[in-house]
Amino acid sequence: MPGNYWTLIDRYGYRLALPTQFQRTNKTQLRADVKSGDVLPQRPHWEAVELLGSGGAADAWLFRHKKTGERRVFKIAVDSRGLSSLKREVTISRLLNEDGDNRSGYVRALDWSFD
């Protein structure tokens with residue numbers, strides 16, 4: 001039985017040869033647990049207005065500041081993969097803007113929280 005599923009390859013290790021099959025599943029897309037009117041836990045003056053878009057890793061929400069009326073887009077990770085993606089985006093944003101020159105066509109990350 002073992003010889004049917006693996007082969008020893010000299011100086012490399014084992015090669016597994018298991019039977020595989022492709023199975024399509026109906027994945028439901030994860031969503032951040034945010035609704036219109038919600039506030040951000042660490043930013044209580046920002047109120048959710050509407051969902052702008054949803055990707056595989058994060059949701060983009062339009063928020064409005066309760067006192068000033070200023071509007072900003074917040075990206076909210078829906079899982080650990082999304083959190084890793086947001087951390088990369090922040091790093092890239094910081095690198096692109098470290099000289100203080102705001103590049104045209106690129107949206108700068110103003111603030112972030114990974115909690």
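The following dialogue covers a ring pair and the sheet around it in a predicted model.

Student: Why is the pair of Phe63 and Phe74 called edge-to-face?
Tutor: Rings of Phe, Tyr and Trp (its six-membered ring) pair if their centres lie within 6.5 Å; planes under 30 degrees apart are stacked, over 60 edge-to-face, and the rest tilted. Here the centres are 4.8 Å apart and the planes stand at 65°, so the pair is edge-to-face. Phe63 lies in strand 5 (residues 58–65) and Phe74 in strand 6 (residues 71–77), 11 residues apart. Strands are DSSP runs of E, at least two residues, numbered from the N terminus.

Student: How many aromatic pairs are there, and which residues do ring pairs link into a cluster?
Tutor: There are 2 aromatic pairs, and ring pairs link Trp46, Phe63 and Phe74 into a cluster.

Student: Why does Phe63 count as buried?
Tutor: Buried means under 20% relative accessible area, exposed over 50%, and partly exposed in between (1.4 Å probe, protein chains only). Phe63 has 1% relative accessibility, so Phe63 is buried. Phe74, at 18%, is buried.

Student: What joins strand 5 to strand 6?
Tutor: Two strands pair if DSSP finds at least two bridges between them. Strands 5 and 6 are joined by 7 bridges and run antiparallel. Leu62 stands opposite Val73 in strand 6.

Terms used. Residues are numbered from 1 along each chain as its sequence is written. This is a predicted model: local features need pLDDT of at least 70, side-chain atom pairs count only at pLDDT 80 or more; totals for chains, interfaces and linings use all residues. Side-chain values use heavy atoms; hydrogens and water are left out. Helices (H or I, at least four residues) and strands (E, at least two) are DSSP runs, numbered from the N terminus.
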